[in-house]
Amino acid sequence: MSAATTSAATDPFSGTGREYQPLRSYAAIGDGRTVALVARDGSIDWLCIPDLDSPSLFGAILDSTQGGRFELCPEIPFTVERRYLPDTNVLETTFVTDRGSVRVTDAMTLPAGLAPGRELVRVIEGLSGLVPLRWSVEPRFAYGFSPGRLETRLGFLVALAGSDAVAVCSWSAGEPTCNRGRVNARIEAAEGTRAQIALSISHQEPLVFPARHEVDQRLENTIAYWKGWASSRTYDGPWREAVIRSALGLKLLVFAPSGAIAAAATTSLPEQLGGERNWDYRYSWVRDSAFTLDAFLRLGCPYEAEAFFWWLMQASQLKHPRLQVLYRLGGGSSAPERILDLDGYRGSKPVRVGNAAAGQSQLDVYGDLFQTAWLFASARNGLDQDIARRLAEIADFICTIWREQDSGIWEVRSEPVHFIHSKMMCWVALDRAAKLARAGLVPDRHRKLWEREAKAVQTYVEANGWSEAKQSYVRSAGSRELDASLLMAVLLGYDDRGGHRLRATVRAIRKELGKGPLLYRYTGEDGLSGGEGFFLTCSFWLVDALARLGQLDEAAETMDTLVALANDVGLYAEEVEPETGEFLGNFPQGLVHLALINAAASFSEQQRQ
Amino acid sequence: MSFWGAIVGGFVGTLVLTTGLRAGSEFGLTRMDLPFLLGTAFSGDRTRAKAIGYGLHFVAGQAFAAMYYGVFVVIGESGWLLGGTFGLIHALFAGTALVSVLLPVVHPRMGSTQSAANSRPLLEPPGFMMLNYGPSTPAVTVITHVIYGAIVGGFISLSG
């Protein structure tokens, strides 16, 4: 649990002038369909309904004036202590004031019985003294562009917009009133008292008005479910607490209806404050697939692993054998990018929804797919026939396209080039395809072709992707720039014909792209203005690479530092600002947590050996 | 009009419908695979599921042909044009309710809008008009079902 002094926010009833909270101050709660972000001051500043990739109901994190939020905090100055209830995704925030203390428990409950379509629950418990609190629900549908209207139904205040409806249900939480599109109330929380506020959310169906005891029951069931899920994880190595928190964070990003995993819960949180590097991460990237399956299997999550693999193979069927970079959580392939007229987090414009990277060509995704299939087939000792046939066809396709230029793993918006990481991943794809064929898991009619082409890729990489001057593999053919994605070559077992080149590359990347344990992704052109922060995923890849190369002391030291960089509840954004240590980018970031889990697991395995 | 016309029409219509959907998939127009969706309700093995699903799909094709026949008898009229209209209604019903809403609710391996963290679906839900399976899915569904309806209506009409 952590504590920090916080002033009471500016008057939440005023509706303007509220400052943006640091990204580090957010915790995530969710139900496997959508995610809400709760700031340390008790304000829920992000929630999309009904699903993670739907428009926002609360979007204050992207526009503090127009976005909408759900505030709940003492009316007097307070300090905050905060934690997740152990082994759950249920958040507990304790406000301590001069007049006493009060505890708020926040959760998205899991459905049971006739439950609301989605339900956000906040329970207020007086711990000591008498604490004056105020709460305010400011629903702003469709990213804030549809304020909706407030009506009273069955004694509850209901916000309505199109086919969406939100009922504000409260018990012992004051007398809610309407004011300029907001539901406001004041409450005095005395020691031993308990109040509940539940948002019952419906989409294209009638609202369900929950009873007070049903809300409590669902909250209890939700806590019990998360505890049961966390206790079923099999990892027992070092940094277990961070690994389990990462697993719980990832589980929030798993879109239960399909099994897909979102890259993050948000859109357009900036990689540079005030900059244009603001992207929508509420999609599932093939790039993350191998890490996802590896992490699920290492954590003992066979159901999540199987659901994800089924989803991936189904989603990628439409444009077979060509893979898209990313897919919608429901499996769709279209993600048209558009700009919303919002202020952006701390003025970071543009705010984008959709992601144009969906249309890019990235050759590395084929390596990710085949590594995923290899892990899945190894764990299951088999592949279904039609998947095996499709994989063989994709391997044939790779033989025809690996010589092409692409946009690379980082989705640069400059002209395509021959990225060395992409070529290495094509080698990984063909190598795994041949292995699957040798194991009798995919048709082996073209195995010799795959082996021959894998050698050709390797010859290309060794001839064009190595710099004697830098003593490192480089970002693109013939360049002298480095790229931290090359660390993946160690993680995925790229054969550098002797081993010294990969080891040297790790050294060079640390020297040129690193500052302590932190790494920049790359140097050089990417077609965008401005810069970015340290990319946390790459730092965890560094730990993984060091562990696999046997440098365990360095790996442990780096890992300790990185684990300490998490926020007070153990979550990470995509990047860290070099000067201030503030989080940058979308949050919570799935790839960072995947990399943390896999780094810890690799270290643990190497340590045992 | 005879019931045998419905049986033969249902068989031929389903054959053409299945072939059309499969062709749509091969041409990259849709990921919808009705036999697979039906079969996975009974088996988690993809190959076995498809075999079961093809059988179920043909049974469903016969059942719908029988329903068409019943309506033709009631209104005292049949024909390929009327059958095609039934096929259009059939497709819209399938896209908006039958496959989009009802199937996810009863299918043990399919996600639905109500699936949450505590559930374990393996199959993505179809979504409205089955758009999750590709933007051309509604068009493929409508065209193939209109052809199915026209064949069923035509055979019933020709059966005397």
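The legends below describe close-up views of a predicted model. Local features are given where pLDDT is at least 70 and side-chain atom pairs where pLDDT is 80 or more, whereas totals for chains, interfaces and linings use all residues, and side-chain values rest on heavy atoms, with hydrogens and water left out. Residues are numbered from 1 along each chain as its sequence is written, and chains are lettered from A, with ligands numbered from 1, in the order in which they are written.

**View 1. Helix α4 (residues 302-315) of chain A packs with helix α5 (residues 364-380) of chain A.** The two helices meet at an angle of about 135 degrees with their axes 11 Å apart; axes are lines fitted to C-alpha atoms, for helices over the stretch in contact, and angles run from 0 to 180 degrees between N-to-C directions. α4(A) is therefore oblique to α5(A), where angles under 35 degrees count as roughly parallel, over 145 as roughly antiparallel, 65 to 115 as roughly perpendicular and the rest as oblique. The crossing of α4(A) and α5(A) is left-handed, a term used if the near helix is turned anticlockwise from the far one by less than a right angle, and right-handed if clockwise. In α4(A), the contact (heavy atoms within 4.5 Å) is made by Ala305(A), Glu306(A), Phe309(A), Leu312(A) and Met313(A), and in α5(A) by Leu369(A), Thr372(A), Ala373(A), Phe376(A) and Arg380(A). These residues of the contact of α4(A) with α5(A) comprise 7 nonpolar, 1 polar and 2 charged, with Ala, Val, Leu, Ile, Met, Phe, Trp, Tyr, Cys and Pro counted as nonpolar, Asp, Glu, Lys and Arg as charged, and the others, Gly among them, as polar. Helices (H or I, at least four residues) and strands (E, at least two) are DSSP runs, numbered from the N terminus.

**View 2. Helix α13 (residues 590-608) of chain A crosses helix α12 (residues 552-563) of chain A.** Their axes come within 11 Å and cross at roughly 150 degrees, so α12(A) and α13(A) are roughly antiparallel to each other. The crossing of α12(A) and α13(A) is left-handed. Leu552(A), Ala555(A), Ala556(A) and Met559(A) of α12(A) meet residues of α13(A) that include Leu596(A), Ala599(A) and Phe603(A), and the contact of α12(A) with α13(A) has 8 nonpolar, 2 polar and no charged residues.

**View 3. Helix α2 (residues 240-253) of chain A also packs with α13(A).** The angle between α2(A) and α13(A) is about 145 degrees, with their axes 9 Å apart, and the crossing of α2(A) and α13(A) is left-handed. Among the residues making the contact are Val243(A), Ala247(A) and Leu250(A) of α2(A) and His593(A), Ile597(A) and Ala600(A) of α13(A). The contact of α2(A) with α13(A) divides into 9 nonpolar, 3 polar and no charged residues.

**View 4. Chain B meets chain A through 32 residues of chain B and 31 residues of chain A.** The two chains bury about 2,600 Å² between them, 51% of it on carbon and sulfur atoms; buried area is the accessible area (1.4 Å probe) that two parts lose on being put together, summed over both. Arg31(B), Arg46(B) and Leu122(B) supply 29% of the area that chain B buries against chain A, more than any other three residues. Lys50(B) forms a salt bridge (a side-chain nitrogen of Lys or Arg within 4 Å of a carboxyl oxygen of Asp or Glu) with Asp386(A), the closest N and O atoms being 3.7 Å apart.

View 5. Pro321(A) lies in the loop between α4 and β20 (326-327) of chain A.
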